[in-house]
Amino acid sequence: MSRTTLGRLAVGGAVLSLALGACSAGGGTGSKGTVKIAINPWVGYAADAAVIGYILQNEMGYKVEKPELKEEISWQGFESGTVDVIVENWGHEDLKKTYIDEKKTAVRVGSTGRQGIIGWFVPQWMADKYPDITDYKNLNKYADMFKTSESGGKGQLLDGDPSYVTNDEALVKNLNLDFQVVVGGSEAALLQSFRSAEKNQTALLAYFYTPQWYAEVNGQATPGVEDPIQIANVKLPPYTDGCDADPAKVDCDYPPYHLNKLISKDFADSGSPAVTLIKNFQWTNEDQNLVSSYIGQDGMDPDDAAKKWIDANPDKVDAWLQGT
C-alpha cells in the first residue's frame, strides 16, 4: 500500500465516511420497501453491508438506507425503528440481555460464517527483536519502552474506538501490568499507529482484531494487499468459559467471537424476503478481507467493490438468494 493510500485511511476515518456515503446512494427502485442497515465503524463491517445492500437493491428491488452508528446506538435503533439490521455483531452480552432477552426488540438470525479475534499486538519488528515480548508476563520488563506523553509515566496500551468491545482497563489492573490504557480512536488511527511504529522502529502495544484486511498477523496476510502492516499477537492468560463473566475481574484473553447477524423483531415478523437473504448470508474472513481491500486499498466505491466480488462469486450469491 502506498503512503498516499494509507493517508486516506488515516485522516479521521474520512475515507470510510465518504465510501459509506457513496454506498448509501446506490440503485434500486425501492418498490419492495426500505431496509435500514446500521453501519458500524470498521471497514470489514462496511464490506458486509456493501455486499448485502447491493443484492437487496440490485437483485431484489429494495431501497437500502445505511445510518452510520456506533455499536450500542445500533442496538437502540431496533427499538426506535431506525435500524433493521446489524450485519456483524461482536459479542455484547450486556446488549443481548437488554434487547433480545428483556425488551425483545432484537432477534438473532445466524452466523456470518466468520470468527473474530480481539487481542493485544506489537509490530513484528518488536517480536523479532524481543521474542519474549509476545508473552504478557514479560510486558512489565519492557514497560519503559512504551511510555508516551499520554501514559502518565507508565507504558501505553493503545485502544481503538471507545465503542469497541474491550476489557483492557480490567486486564491491565488484574494482571498487575505497569501500563495505562490510552484511547487511540478509529480503526484508521490504529492502522496508522502500527504503520508509524513499523516505519520508525518505535514501540507500540495496541488493541487490535481480525479479520483485518490490512494486517499481516503472525505471517498471514490478505492476498493482493500491498505492503500490509506486520504485527504479532501478545499472548494473554488463556480464555476459559466464565473468566470474563464479571467485567471488573477479567484476567483472561478475549474469547473467539462467532460473529453473528441481528435484525429487529418487527423486521423479523414482516415476512420480507430480505430477512431470508440476511439469514442465508455467510462468507469467509478471506471474502470479507478481499472486499475490504477493494474499498480500503483500491479506493473503490463500496457498491463497485461489492459488484466486483458478486460477479466473481455467483454460486455463493445464488445460495443466499434461495428461498427469497
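## Buried or exposed?

Let's start with a definition: a residue is called buried when its relative accessible area is under 20%, exposed when that value is over 50%, and partly exposed in between (1.4 Å probe, protein chains only). Val 43 is buried by this rule, because its relative accessibility is 5%. Across the protein, 53% of the 324 residues count as buried.

Before we go further, some ground rules. This is a predicted model, in which local features need pLDDT of at least 70 and side-chain atom pairs count only at pLDDT 80 or more, while totals for chains, interfaces and linings use all residues. Residues are numbered from 1 along each chain as its sequence is written, and side-chain values use heavy atoms, with hydrogens and water left out.

## The overall build

The protein has 13 helices and ten strands; these are DSSP runs (helices are H or I with at least four residues, strands are E with at least two), numbered from the N terminus. Its radius of gyration is 20 Å, close to the 20 Å that the globule rule gives for 324 residues, so the protein is as compact as a globular protein of that length. The radius is taken over C-alpha atoms, and the rule is 2.2 Å times the number of residues to the power 0.38. Along its principal axes, the C-alpha trace spans about 60 × 45 × 30 Å.

A contact means heavy atoms within 4.5 Å. Among the contacts with a separation of 6 or more, 74% come from residues 24 or more positions apart.

## The nonpolar core

A nonpolar core is a set of buried Ala, Val, Leu, Ile, Met, Phe, Trp, Tyr and Cys residues joined through side-chain atoms within 4.5 Å. In the largest one here there are 100 residues, and Val 51, Leu 56, Trp 120 and Phe 208 touch the most other members. Helix α3 (residues 43–58) gives the most to this core, with ten residues. In soluble globular proteins, nonpolar side chains tend to be buried together.

Val 43, the buried residue from the opening, lies in helix α3.

Most residues other than glycine have a negative phi, and most peptide bonds are trans. Where does the model have a cis bond? The peptide bond from Thr 210 to Pro 211 is cis, with omega near 10°. Thr 210 is in strand β7 (residues 206–210), while Pro 211 is in the loop between β7 and β8 (215–217). Thr 210 is buried because its relative accessible area is 19%. Leaving out residues up to four places away in sequence, Thr 210 touches Trp 90, Gln 115, Gly 116, Ile 117 and Val 217.

Lys 104 and Asn 176 are not glycines, yet Lys 104 has a positive phi of about 55°, and Asn 176 has a positive phi of about 55° too. Lys 104 sits in the loop between α5 and β4 (106–123) and counts as exposed, at 54% relative accessibility. Asn 176 belongs to the loop between α7 (168–174) and β6 (179–183), and is exposed because its relative accessible area is 63%.

## A neighbour of Lys 104

Lys 265 lies in helix α9 (residues 265–268). Not counting residues up to four places away in sequence, Lys 265 touches Lys 104, Thr 105, Ala 106 and Val 107. Lys 265 counts as partly exposed, because its relative accessibility is 34%.
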